[in-house]
Amino acid sequence: MLEKLFKVNQEEHILPGNRACQGCGLSLAYRYILKALGSNTVLTLPASCLTVLHGLYPITAVGLPCLNCTFSSTAASASGLVAGLAAMNRSDTTVVAIAGDGGTFDIGIQALSGAAERGTDFIYVCYDNEGYMNTGTQRSSATPAGALTTTTPVLTKQQNKKDMLKIMEGHDLPYLATCSSAYPIDLYDKFVKAKRIKGTRYLQIAVPCPPGWAFPPKDTVRIGRLAVETGIVVLFEIENGKFRLTGASKRIAEKGSRPPVSHFVERQGRFRKMSPEQLQAFQRSVDQKWNEYLRRAEA
Ligand SMILES: Cc1ncc(C[n+]2csc(CCOP(=O)(O)OP(=O)(O)O)c2C)c(N)n1
Ligand code: SF4
């Protein structure tokens, strides 16, 4: 483990002091993303907690060039950046679009699908905090059933989380991977690899959000790990169609047992009105997906 830590790029692109909440999973992940991508990188991001982290002009917390685009056009703006850099003979610069789950699963899906279908040479990152957090915890299609949000305040969200990974896999990408802010080395390695690949690369990162999920900021890493240990978040990569479990998920598969999803659920206030039926349904759907992933890993 120590040996792996030493190979992490020592450059820091997040400058001291930013406006993310205490214990923000996104800010932990973002630090390692930028270390892996390095300084020859251009970013584009829509309105989100990440724009808040970056800060308001003329102040910035991030030492890389960044375009603030409209909500629905993240991947379209990346296509423009790729074309512009090519015209300037600067195609060695990595173009990276980063949006939340609201900006990806819901509002930006059309532009993302278009860019992916065209094979635009860029990295698309969705950090998934399972809701529209910047505007005060509204439900998105990434919010799990049984969670309280400000737009599902009484009965909890009734619909299951959208399987965005399946949708993106349908675009036949050269590289697709999942990561967690609780496992930064696995995340770092995937971004280093993604940077070397050409074409559209999609990485989805599970990032716990203390105020939106209602848990103490000190528990961000614990909650992130529980999501992986229970199998709710599965760490994998698909490179040119070849599926592979990675890191902690690979170890869990080898061990052959996972704690129940209740270990994850019971630590978060957002699930305080989850019914026993919803909890059972959640466990069933996690087991079903986990078994599908295991079959693919063994194939
Ligand atoms: C077209 C448009 N609709 C709504 C907004 C208001 N808005 C700004 S950020 C945000 C939430 C973004 O949610 P998500 O993409 O999940 O990122 P997070 O805030 O969780 O980081 C919303 C609704 C906007 N800026 N533009
Ligand atoms: S609301 Fe959540 S995702 Fe947004 S900055 Fe705060 S902890 Fe991070």
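Reply: Start with one aromatic cluster, formed by Trp213, Phe215, Phe264, Phe271 and Phe282. Keep in mind that the model is predicted.

Take one pair from this group. Phenylalanine 271 and phenylalanine 282 form a tilted aromatic pair, with 6.5 Å centre to centre and 35 degrees between the planes. The angle rules out a stacked label, because stacked needs planes under 30 degrees apart. Phenylalanine 271 sits in the loop between helix H12 (262-265) and H13, and phenylalanine 282 sits in helix H13, eleven residues apart. Phenylalanine 271 is buried, at 4% relative accessibility. Phenylalanine 282 is buried too, with a relative accessible area of 14%.

Next, the tryptophan of the cluster. The charged end of arginine 270 sits over the ring of tryptophan 213, 3.9 Å from its centre.

Asparagine 129 touches Asp101, Val207, Cys209 and Trp213, leaving aside residues up to four places away in sequence. The loop between strand S4 (123-128) and helix H7 (164-169) holds asparagine 129. At 6% relative accessibility, asparagine 129 is buried.

That residue brings in the ligand. Asn129 is one of the residues around ligand 2, together with Cys21, Cys24, Cys49, Met133, Cys209, Pro210 and Pro211. By class, this shell has seven nonpolar residues, one polar residue and no charged residues.

Alanine 214 lies in the loop between helix H9 (210-213) and helix H10 (220-229). Its phi is near 60 degrees, a positive value in a residue other than glycine. Most residues other than glycine have a negative phi, and most peptide bonds are trans. Alanine 214 is partly exposed, at 37% relative accessibility.

Asparagine 240 also has a positive phi, of about 45 degrees, although it is not a glycine. Asparagine 240 is in the loop between strand S7 (236-239) and S8. With a relative accessible area of 64%, asparagine 240 is exposed. On the peptide-bond side, the bond from tyrosine 57 to proline 58 is cis, with omega near 10 degrees. Proline 58 is found in the loop between helix H3 (49-54) and strand S2 (66-68).

Back to the rings. The structure holds ten aromatic pairs. One of them joins phenylalanine 243 and tyrosine 293: the pair is stacked, at 5.6 Å centre to centre and 10 degrees between the planes. Phenylalanine 243 lies in strand S8 (residues 242-245) and tyrosine 293 in helix H13 (residues 276-298), so the pair ties together parts 50 residues apart in sequence. Phenylalanine 243 is buried, with a relative accessible area of 5%. Tyrosine 293 is buried as well, at 12%.

Last, the wider packing. In soluble globular proteins, nonpolar side chains tend to be buried together. Here the largest nonpolar core has 53 residues, of which Phe122, Tyr124, Tyr202 and Phe236 touch the most other members. Tyrosine 124 has contacts that include Thr74, Ala97, Leu112, Tyr202 and Leu203. Apart from that core lies another, of 34 residues, among them Ile14, Leu43, Ala177 and Val207. Val207 is also one of the residues that asparagine 129 touches.

Conventions: Residues numbered from 1 in each chain as written. Chains lettered and ligands numbered in written order. Predicted model: local features only at pLDDT ≥ 70, side-chain atom pairs only at ≥ 80, totals over all residues. Heavy atoms only, no water. Near = heavy atom within 4 Å. Nonpolar A, V, L, I, M, F, W, Y, C, P; charged D, E, K, R; others polar. Phe/Tyr/Trp six-rings, centres within 6.5 Å; stacked < 30°, edge-to-face > 60°. Helix = DSSP H or I, 4+ residues; strand = E, 2+ residues; numbered from the N terminus. Buried < 20%, exposed > 50% of the residue type's maximum accessible area, 1.4 Å probe, protein only. Lys NZ or Arg CZ within 6 Å of the ring centre and 35° of its normal. Core = buried A, V, L, I, M, F, W, Y, C linked by side-chain atoms within 4.5 Å. Contact = heavy atoms within 4.5 Å.
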